[in-house]
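Please read them alongside the model shown here.

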Amino acid sequence: MNTQRKVRLSLGDSLKILGPYVYENFFEQLKTIWFIVAYLLLFQILVLGLPIVHAIMIGVGIGIVAFGLMFFMEGLRLGLMPLGETIGAVLPRNSTLPIILGFAFLLGIGATFAEPAIAVLRSAGAGVQPDQAPLLYSLLNDFANQLVSVVGIGVGVAVMLGILRFFLGWSLKLFIIPLISLLCGLTLYAHFHEMLQPVLGLAWDCGAVTTGPVTVPLVLALGIGVCRIVGDGDAGNAGFGIVTLASLFPVLAVLMLAMWHVQQDDYYGQPNYTGAPVIEQADSAPEPPRSSASRREGFTKDEFDRFLRNGTPASDYELKFAGGSPQLIEGRIVLDDSTLILEKRQALQAKVVSKSVWDPSVQFLQELKAGGSAALRAIVPLCLFLLLTLRLVLPERLRNRDEIFIGIAFAVIGMSLFILGITLGLTPLGAQLGSNVPLSFATLTPWGAEGLREPLFASATTGKIIAAIFGFFLGYGATLAEPALNALGETVEKITIGAFKKSLLMQSVALGVGLGIGVGVIKIAFNIPLEYLLIPPYLLLLGLTLISSEEFVNFGWDSAGVTTGPITVPLVLAMGLGIGGNVPGVIDGFGVLALASVGPIITVLAVGLIVSRARSGQPADVA
């Protein structure tokens with residue numbers, strides 16, 4: 001006879017039990033974002049000397065991001081990960097190779113659509129001017145669904161080939177070397193093509209967007225299950241390489257999509273273009289919350305009368321000359337018959353355009369509804385696919401069904417809140433700071449302010465170097481805060497039997513990401529084509545890959561995947577686009593994520609060569 005009775009808890013008792021759990025998980029997520037947010041805030045306030053516009057909205061958004069990540073990661077743990085691990089353990093044992101590869105392909109596509117950063121990619125085209133980059137504009141606006149679809153297909157192909165590699169025992173080098181060679185060749189081709197060249201930054205950044213908190217755990221679970229079946233018992237080494245392929249094939253997919261549209265002549269401005277016409281904004285209607293930088297403040301009538309009385313202009317002025325014949329005489333510049341012009345130096349106004357602490361154009365309920373709709377479209381199809389696979393393909397009964405369904409609900413809620421928080425907090429913060437970073441080397445209108453402000457440094461080169469240093473420490477600190485890097489460090493220390501210490505790997509990866517973001521800022525500030533900064537590092541990586549051992553190649557290339565977390569991607573992407581929108585001559589701000597991804601691979605493989613030689617007792621020849 002069953003004598004068990006259900007225990008009924010009051011609301012107060014339930015809160016006492018759940019309170020510490022929620023508190024711990026919430027602050028666990030705060031620990032992953034506090035550094036990068038605090039760093040951005042302090043840089044704008046203390047270094048640039050500017051207030052945070054719409055501060056309450058940004059603060060609320062950051063808090064919602066933390067809550068969203070708390071629910072989302074818990075949903076992954078309770079719902080998606082058990083499904084992925086069950087399928088990864090049972091599918092390789094009960095199915096044929098074609099079925100396994102087909103499942104891997106569909107899993108890659110579904111996981112890509114469920115990535116939170118994909119929502120950021122969908123909205124990245126708002127600031128692209130169609131007359132400057134017609135194909136890039138159309139890819140991000142007219143063909144946005146196609147763009148996300150081909151990125152998903154690229155990840156699906158990558159996961160499928162990664163699983164096939166485990167079955168056949170192929171080296172990762174057999175995929176990396178020809179794939180990187182092909183991508184470098186296509187990048188060079190695009191460099192000399194007027195329409196394709198602006199697309200390169202977007203294409204390479206797409207590789208960083210795809211390796212996030214959904215894709216990586218699910219494909220690793222499948223990889224570990226396959227490796228157990230095919231005889232590779234080293235679970236710590238299993239799964240390596242899939243993340244690398246999942247970050248490279250989307251680049252190829254986007255480049256191929258761009259080339260296809262070039263052949264079709266159906267992008268903006270071309271004969272076969274069928275998109276909506278672009279409405280040009282009049283100069284008198286500047287885009288909020290910024291004011292028109294072309295409107296200059298001049299001397300007032302009182303200041304002019306005072307100048308007539310005493311011959312002394314206001315202290316804040318610039319003296320210019322027009323016409324005349326300048327000559328250098330005894331170390332002095334002498335101008336004959338010149339017109340002297342006194343202009344009032346433009347300064348930052350004391351007040352921002354909008355006094356409100358909340359952007360009036362952002363409607364909370366509408367954004368929450370949009371985030372919920374996007375989350376349902378992303379999470380539910382993926383979960384249905386996993387559940388149908390268990391039900392129809394595998395003779396496996398679903399265990400812990402209640403927990404799994406709760407986890408799926410948590411994932412939907414978490415992603416909804418995360419997308420809302422991105423809209424309210426991280427994207428405005430990144431765009432605001434990105435728009436203001438060029439103040440270190442250029443005269444511009446600060447974000448949300450009136451009037452012009454002169455650069456912080458007299459030398460533009462010095463200011464650009466300071467901006468690059470800012471980017472370096474942003475990438476370095478944000479990377480060390482990524483939880484995935486800590487897990488990767490523990491795995492690498494285990495499979496190298498302590499030769500490659502966890503702390504050494506974390507520092508190597510963080511240093512590489514910092515250098516990558518710093519170089520990315522330099523790329524935008526000096527308007528350097530991305531291919532000049534991207535192809536040489538990848539050619540270097542081909543050499544390092546050839547002379548490195550298989551284990552170091554595996555986790556060295558995968559280290560780039562842990563650097564592009566759900567916080568880093570939207571912030572860095574928004575910041576890069578903000579900087580690019582305020583540097584004259586720069587079409588867009590894409591490419592920073594791509595450079596942030598290649599940096600850690602170089603540093604990890606270089607340190608890996610030193611570690612492997614030290615482990616074998618040979619002197620490390622660092623030439």
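A residue is called buried under 20% relative accessible area, exposed over 50% and partly exposed in between, using a 1.4 Å probe and protein chains only. The model is predicted: local features need pLDDT of at least 70, side-chain atom pairs count only at pLDDT 80 or more, and totals for chains, interfaces and linings use all residues. Residues are numbered from 1 along each chain as its sequence is written, and side-chain values use heavy atoms, with hydrogens and water left out.

1. Overall composition. The protein chain holds 20 helices and four strands; helices (H or I, at least four residues) and strands (E, at least two) are DSSP runs numbered from the N terminus. Of its 623 residues, 51% count as buried. Contact means heavy atoms within 4.5 Å. Among contacts between residues at least 6 apart in sequence, 80% join residues at least 24 apart.

2. Helix α19. In α19 (residues 568-580), twelve of the 13 residues are buried. These are T568, V569, P570, L571, V572, L573, A574, M575, G576, G578, I579 and G580. The expected span of a helix is 1.5 Å times one less than its number of residues. For α19 this gives 18 Å, in agreement with the 18 Å between its end C-alpha atoms.

3. Helix α14. The 21 residues of α14 (residues 460-480) should span 30 Å, and the end C-alpha atoms lie 31 Å apart, which agrees. Its buried residues include K464, F470 and F472, together with G463, G471, G475 and G477.

4. Helix α12. This helix (residues 364-393) has 30 residues and reaches 43 Å from first to last C-alpha, close to the expected 44 Å. Buried positions in α12 include G371, G372, I379, C383 and L390. The elements covering its buried residues include α2 (55-94), α3 (97-113), α9 (215-230) and α13 (401-436).

5. Packing of α17 and α20. How do α17 (residues 530-547) and α20 (residues 592-615) pack, and at what angle? Their axes, lines fitted to C-alpha atoms over the stretch in contact, with angles from 0 to 180 degrees between N-to-C directions, are 10 Å apart at an angle of about 25°. That makes α17 roughly parallel to α20, a term for angles under 35 degrees. Contacting residues include L533, P537, Y538 and L541 of α17, and V598, I601 and L605 of α20.

6. Cysteines. Taking a disulfide as a pair of cysteine sulfur atoms within 2.5 Å, the count comes to zero. C184 is buried at 6% relative accessible area, and C383 is buried at 3%.

Definitions and conventions:
Angles under 35 degrees count as roughly parallel, over 145 as roughly antiparallel, 65 to 115 as roughly perpendicular and the rest as oblique.
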